[in-house]
Amino acid sequence: MTGAPAPRPATAASGDWSALLALREHFPILQRSTYLVSHSLGAMPRGVHDKLREFAVQWETRGIRAWAEGWWSSPVDTGNLVGRILDAPPGTVVMHQNVSVIMGLVASALEFKAPRKRVVYSELQFPTVMYAWEAQRRRGAEIVQVRSRDGVGVETQDFLDAIDERTLIVPLSHVLFQSSYQQDLLAITRRAHEVGALVLADCYQSTGCVPFSVRKLDLDMACGGSVKWLCGGPGAGYLYCKPELRERLEPALTGWMAHEHPFAFERGAQKYAHDATRLLHGSPAVPALYAARAGYELILQAGVENIRRKSVAQTQRFLQRAAERGLTSRSPQDPARRGGSITLQVPDGPAFVAALAERDILVDCRPDVGLRISPHFYNTDEELDLCLDSVCELLRTGGWKAHARKGTAY
Ligand SMILES: Cc1ncc(COP(=O)(O)O)c(C=O)c1O
């Protein structure tokens with residue numbers, strides 16, 4: 001650890017980002033750490049304390065009445081808030097614990113029957129998505145893995161070629177978690193719809209940092225979690241589903257919250273609700289859903305278009321300065337093909353992560369790409385410069401070697 005915490009200066013050499021940088025005050029950790037790891041865990045907004053207090057006070061003072069005063073409707077209310085970031089109409093987004101549960105829930109609503117039983121996904125997808133769909137083989141699913149030519153991204157044409165009349169669903173990442181490669185969601189969705197297939201976009205690595213509209217992209221379903229760019233913490237996964245599709249889905253992973261009349265406690269088979277609750281199951285994780293709202297509110301205040309403009313300027317500047325110093329990145333050079341992260345190749349990722357953490361510079365690493373570094377709306381150019389200077393110094397002095405083989409758990 002470094003010595004006494006010092007506030008970081010909030011200047012902006014790559015543009016005038018004063019309105020965004022003014023939001024730094026909402027994130028206490030920025031006073032102590034150089035926080036460049038929002039692709040993994042976004043900084044906690046101070047407002048989370050108030051949201052969790054609101055939950056606790058409701059429980060403490062209102063008791064059972066809390067269910068009718070916000071708890072029961074929290075998966076839909078919170079969904080409506082994050083839905084504004086996705087440009088989803090009210091009543092089309094519900095909250096679940098995470099992406100894995102959402103993938104399982106959607107899969108449980110599908111029937112894998114010839115001639116349409118194929119699931120087309122890319123081999124660079126976040127593994128949890130693969131695990132969920134591979135498990136559907138035992139239910140008759142045929143899996144088609146689209147290969148990457150370079151380990152960075154998947155050529156759009158290769159994706160398009162893999163989708164045909166046998167395709168039931170295309171679960172794909174908007175932005176890939178390792179390289180930050182941005183898939184062409186529009187082209188892939190068009191192709192899927194031409195042949196009658198569904199698209200489920202995992203937007204975990206784009207929501208809150210790359211602007212997009214589920215409506216304009218005509219996505220059938222979109223999902224993600226709130227841990228990263230949304231600064232919403234764990235336990236708040238969101239699922240958007242087009243209403244006309246939702247009416248046709250009958251998930252086997254279901255429960256009383258998805259019933260048409262949950263408080264009638266009817267016996268026997270499910271009678272699915274005809275609104276957003278149709279895609280719920282049991283009692284929601286209310287504290288997580290309350291906590292997540294603090295992050296969504298700040299993202300909405302910042303504006304994802306503004307966040308993106310700053311992100312592109314800062315990531316381009318970083319890549320250029322890294323290249324001038326002889327460093328290489330496996331992230332796409334074209335910002336239009338990139339999400340909000342940049343990667344840097346180093347001799348030993350975990351050792352560099354640990355050496356930087358010792359200086360209170362927080363980044364992470366992933367196999368094949370090296371360090372992952374992410375400026376969010378609250379990061380300054382100076383913080384990025386400090387990170388790059390530190391990497392260069394560790395390379396020059398070999399200081400990272402003291403951390404070799406210790407590894408990190410994030
Ligand atoms: C693109 C993407 N999808 C999914 C996940 C995680 O899934 P889950 O919400 O099930 O933990 C991550 C990272 O944690 C991710 O980067």
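The protein contains 12 helices and 12 strands in what is a predicted model. Its radius of gyration is 22 Å, close to the 22 Å that the globule rule gives for 410 residues, so the protein is as compact as a globular protein of that length. Along the principal axes, the C-alpha atoms fill a box of roughly 70 × 55 × 40 Å.

**Burial and contacts**
- Of the 410 residues in the protein, 58% are buried.
- When contacts between residues at least 6 apart in sequence are considered, 72% of them join residues that are at least 24 apart.

- In soluble globular proteins, nonpolar side chains tend to be buried together.
- The largest nonpolar core here has 62 residues, and the members with the most contacts inside it are Phe159, Val170, Tyr296 and Phe377.
- Helix α9, which spans residues 286-302, gives the most to this core, contributing 6 residues.
- Leaving aside residues up to four places away in sequence, Val170 touches Val120, Phe159, Ile163, Ile188, Ala192, Leu198, Val199 and Leu200.

**Surface and charge**
- The side chains include 47 positive and 44 negative ones, with the centres of the two sets lying 3 Å apart.

Terms used
Residues are numbered from 1 along each chain as its sequence is written. This is a predicted model: local features need pLDDT of at least 70, side-chain atom pairs count only at pLDDT 80 or more; totals for chains, interfaces and linings use all residues. Side-chain values use heavy atoms; hydrogens and water are left out. Helices (H or I, at least four residues) and strands (E, at least two) are DSSP runs, numbered from the N terminus. The radius of gyration is taken over C-alpha atoms; the globule rule is 2.2 Å times the number of residues to the power 0.38. Buried means under 20% relative accessible area, exposed over 50%, partly exposed in between (1.4 Å probe, protein chains only). Contact means heavy atoms within 4.5 Å. Lys and Arg count as positive and Asp and Glu as negative; His and the chain ends are not counted. The place of a charge is taken as NZ of Lys, CZ of Arg, CG of Asp or CD of Glu. A nonpolar core is a set of buried Ala, Val, Leu, Ile, Met, Phe, Trp, Tyr and Cys residues joined through side-chain atoms within 4.5 Å.
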